[in-house]
Amino acid sequence: IIGATWIENTYGCTDELATNYNQEADYDDGSCEYPNNGNYSLSFDGLYDWVEVSNDESLSSYNEITISAWIKLDEFLNERYMIIEKHSDSTGNTIPSGWWLAINDDSDHDYEKQKVQFVVRDQFNNQSVGYSSIVMPLGEYVHIVASYSYESGIQIYINGENYTDLD
């Protein structure tokens, strides 16, 4: 081969916050290890970022669930900003069962725009939808808690205050 250059990849942990960070690694092999003290967080640049969690049965509850997240939005771009979601289609439904927590900015309806959206859909396609009654602030960290139970429905808390506006 004329003009070709062979480059050897160095595999290892490329996360500077990991205990086994390899400064010479140029390809992350998924081997990063973190202290188990709960004293760290994840930061994303907003471009195709995600964290994948294994499919644990505890995340498949349609009777009750509570989700909590700290988020900071710098701008709205007419999109749905998915914070966390879990979907499954084990029953062959065209609309998968599951739940998601998002900031909805892609709607044509003003009552949904730039607000927290929490949706729970069970395996029988029964769906509960809730929106926050306030628009998400930009440029500041906000603590969001969304909960669902069969008895009380959807509740959305922003910085400790209940701002639920049910669909």
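## The β8–β9 hairpin

Strands β8 and β9 form a hairpin, with three residues between them. This is a predicted model. Strand β8 covers residues 142-149, and strand β9 covers residues 153-158. The two strands pair in the antiparallel sense. Six bridges join β8 and β9. One facing couple is S149 and G153, the latter in β9.

## β8 and its other partner

Strand β8 also pairs with strand β3, residues 64-71. The sense is again antiparallel. Here eight bridges link β3 and β8. Within this pairing, I67 stands opposite A146 of β8.

How many of the eight residues of β8 are buried? Seven are, and the strand is mostly covered.

## An aromatic pair

The count of aromatic pairs comes to one. Its members are Y11 and Y27. The ring centres lie 4.9 Å apart.

Where do the two tyrosines sit, Y11 and Y27? Y11 lies in strand β1, residues 11-12, and Y27 lies in strand β2, residues 27-28. The pair therefore ties together parts that are 16 residues apart in sequence.

Are Y11 and Y27 buried, exposed or partly exposed? Y11 has 48% relative accessibility and counts as partly exposed. Y27 has 44% and also counts as partly exposed.

Note on methods. Residues are numbered from 1 along each chain as its sequence is written. This is a predicted model: local features need pLDDT of at least 70, side-chain atom pairs count only at pLDDT 80 or more; totals for chains, interfaces and linings use all residues. Side-chain values use heavy atoms; hydrogens and water are left out. Rings of Phe, Tyr and Trp (its six-membered ring) pair if their centres lie within 6.5 Å; planes under 30 degrees apart count as stacked, over 60 as edge-to-face and the rest as tilted. Helices (H or I, at least four residues) and strands (E, at least two) are DSSP runs, numbered from the N terminus. Buried means under 20% relative accessible area, exposed over 50%, partly exposed in between (1.4 Å probe, protein chains only). Two strands pair if DSSP finds at least two bridges between them.
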